[in-house]
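Subject: Structure handover and notes

Dear colleague,

Please find the structure below, together with the notes that I promised to go with it. I would be glad if you could read them with the model open beside you.

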Amino acid sequence: MEAPAGAEDRYPTAFTVEDFQHNVASVHARIAAAALRVGRAPEEVTLLPVSKTVPTDRVRVAIESGLRLLGENKVQEAVRKHGETADLDVAWSIIGHLQTNKARDVAAFATEFQALDRLRVAEALDRRLRAAGRRLDVFVQVNTSAEDSKFGMPPEELPAFLEALPSYETLRVRGLMTLAILTPDDLRVRECFALLRTLRDQAREDAPDLIGAGELSMGMSGDYEIAVEEGATCVRVGQAIFGARALPDSHYWPEG
């Protein structure tokens with residue numbers, strides 16, 4: 001299946017170590033420019049490369065190019081790639097919706113989980129992590145676009161959710177995550193990111209011990225520069241590093 005028209009020109013596919021290094025350098029340059037525009041230090045922003053749908057042979061090249069943490073939406077795909085790259089120095093972040101019956105897999109190998117939005121999932125992860133003798137960094141996912149198609153809790157439920165999380169001692173809250181609305185309207189995208197920042201700031205004021213470092217994971221290939229301008233500390237970038245996918249983001253969000 002071919003990529004959507006124009007996507008390949010915007011996001012050229014990386015095949016070699018040099019390709020990946022070029023694409024990553026380009027993304028870092030854009031992150032730096034966006035940060036400087038609003039008086040932030042570029043070093044405040046972490047780049048999380050997202051390898052969803054990318055064949056393992058190219059993922060291995062990406063790791064060879066220097067990538068050490070990769071994000072995956074689907075647990076099954078992450079488990080497979082984790083096994084197929086077990087000989088390499090790489091860690092995995094699960095960034096997509098999690099069903100409770102997949103908690104065991106995430107607890108077994110993931111370095112972080114960025115889509116925590118239900119206490120049932122927190123409970124399932126905590127139980128599996130205890131059995132494995134591990135802890136897990138987590139981001140709480142908030143639906144800032146008010147779209148029914150998006151996972152994440154409504155903003156008004158966040159305070160009570162954060163208050164409940166300390167009961168699950170294996171989970172280390174690092175901050176919040178969101179997906180902006182998929183639209184060419186930059187103002188509407190910016191509003192989604194600004195809302196997450198506001199929620200984080202309110203949590204820091206009301207209950208600073210519950211929000212961890214207060215990180216903000218927001219922004220993907222099409223909008224990460226806006227996210228950085230609005231305070232993102234982690235941007236999840238796939239196509240701008242690996243190349244255009246065959247289907248648009250709207251096909252992958254929500255997962256399933």
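What follows is a description of what was found in it, taken by topic.

This is a predicted model, in which local features need pLDDT of at least 70 and side-chain atom pairs count only at pLDDT 80 or more, while totals for chains, interfaces and linings use all residues. Residues are numbered from 1 along each chain as its sequence is written, and side-chain values use heavy atoms, with hydrogens and water left out.

To begin with the nonpolar core (a set of buried Ala, Val, Leu, Ile, Met, Phe, Trp, Tyr and Cys residues joined through side-chain atoms within 4.5 Å), the largest one has 75 residues, of which Phe113 and Leu125 touch the most other members. Helix 2 gives the most to this core, with seven residues; helices here are DSSP runs of H or I with at least four residues, strands are runs of E with at least two, and both are numbered from the N terminus. If neighbours within four places in sequence are left aside, the residues in contact with leucine 125 include Leu98, Val106, Phe113, Leu136 and Leu171, where contact means heavy atoms within 4.5 Å. As a general point, nonpolar side chains in soluble globular proteins tend to be buried together.

Helix 3 covers residues 56–64, and Thr56, Arg58, Val59, Val61, Ala62 and Ile63 in this helix are buried, a word used for under 20% relative accessible area, with exposed meaning over 50% and partly exposed in between (1.4 Å probe, protein chains only). These buried residues pack against helix 2 (17–37), strand 2 (69–72), helix 4 (75–84), strand 3 (91–94) and helix 10 (239–242). Arginine 58 also lies over the face of phenylalanine 15, at 5.5 Å from the ring centre (the criterion being NZ of Lys or CZ of Arg within 6 Å of the ring centre and within 35 degrees of the ring normal). Just after helix 3, glycine 66 takes a positive phi of about 125 degrees.

The structure holds one aromatic pair, formed edge-to-face by phenylalanine 20 and phenylalanine 242, with 5.4 Å centre to centre and 75 degrees between the planes. Rings of Phe, Tyr and Trp (its six-membered ring) pair if their centres lie within 6.5 Å, and planes under 30 degrees apart count as stacked, over 60 as edge-to-face and the rest as tilted. Because phenylalanine 20 lies in helix 2 and phenylalanine 242 in helix 10, the pair ties together parts that are 222 residues apart in sequence.

There are 19 salt bridges in the structure, each a side-chain nitrogen of Lys or Arg within 4 Å of a carboxyl oxygen of Asp or Glu. Arginine 68 bridges to aspartate 89, with the closest N and O atoms 3.5 Å apart, and this pair links distant parts of the chain, since arginine 68 is in the loop between helix 3 and strand 2 and aspartate 89 in the loop between helix 4 and strand 3, 21 residues apart. Arginine 68 counts as partly exposed at 40% relative accessibility, whereas aspartate 89, at 57%, counts as exposed. In contrast, glutamate 147 and lysine 150, which meet in a salt bridge of 2.6 Å, N to O, are both buried. Finally, Arg37, Arg190, Arg197, Glu229 and Glu230 are linked in a network of salt bridges.

With best wishes
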